[in-house]
Amino acid sequence: MTINRLNFLDLLDPKNIRIGLKCSDKEELLEQLFDMARTTKCLNNFERFKKTLLEREHIQSTGLGKGIAIPHAPSDAVDSIFLVIGVC
């Protein structure tokens with residue numbers, strides 16, 4: 001059995017990393033992350049992706065504490081794995 005491993009560095013794209021975002025709450029930060037995700041070529045349906053992620057976040061926060069969160073959800077709107085990183 002062959003296990004394909006993801007290389008975290010391969011998922012980083014400088015266009016999808018923003019430091020110093022202006023955000024006063026989680027919703028504002030998520031909107032800015034969605035703006036970055038919209039420009040990736042990894043989604044086949046942005047609106048479905050956004051809806052799925054917001055539903056997942058409503059069920060249970062993906063926050064880890066100390067201002068760190070890893071929003072994620074399975075979705076057929078995603079063609080390939082990608083990262084967007086935002087720091088307020």
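Gln32 touches Leu21, Lys22 and Cys23, leaving out residues up to four places away in sequence; contact means heavy atoms within 4.5 Å. This is a predicted model, in which local features need pLDDT of at least 70, side-chain atom pairs count only at pLDDT 80 or more, and totals for chains, interfaces and linings use all residues. Residues are numbered from 1 along each chain as its sequence is written, and side-chain values use heavy atoms, with hydrogens and water left out.

**Confidence**
- The chain has a mean pLDDT of 89, and 97% of its residues reach 70 or more; pLDDT is the predictor's confidence in each residue, from 0 to 100.
- Confidence is lowest in β3, at a mean of 82, and highest in α3, at 95; helices (H or I, at least four residues) and strands (E, at least two) are DSSP runs, numbered from the N terminus.

- Gln32 lies in helix α2, residues 26–38.
- Gln32 has a relative accessible area of 18% and is therefore buried (buried is under 20%, exposed over 50%, partly exposed in between, with a 1.4 Å probe and protein chains only).
- The largest nonpolar core has 12 residues, among them Leu30, Leu33, Phe34, Phe46 and Phe82; such a core is a set of buried Ala, Val, Leu, Ile, Met, Phe, Trp, Tyr and Cys residues joined through side-chain atoms within 4.5 Å.
- Two or more residues of this core come from each of α2 and α3 (46–59), and α2 gives the largest share, 5 residues.
- Leu30 is in contact with Leu54, Glu57 and Pro71, leaving aside its neighbours within four places in sequence.

**Pockets**
- The largest pocket holds about 850 Å³ of space. On a 1 Å grid over the protein atoms alone, a pocket is an open set of points where a 1.4 Å probe fits, with protein on both sides within 12 Å along at least five of seven lines; lining residues have an atom within 4 Å of a point. Grid points are joined across faces, edges and corners, and a volume is the space filled by probe spheres set on the points.
- Its lining has 30 residues, with Leu33, Ala69, Ile70, Pro71 and Val84 nearest the centre.
- The largest share of that lining, 6 residues, comes from α2.
- The lining of the largest pocket divides into 21 nonpolar, 6 polar and 3 charged residues (Ala, Val, Leu, Ile, Met, Phe, Trp, Tyr, Cys and Pro count as nonpolar, Asp, Glu, Lys and Arg as charged, and the others, Gly among them, as polar).
- The second largest pocket has a volume of about 160 Å³, and its lining includes Asp10, Lys15, Thr39 and Phe82.
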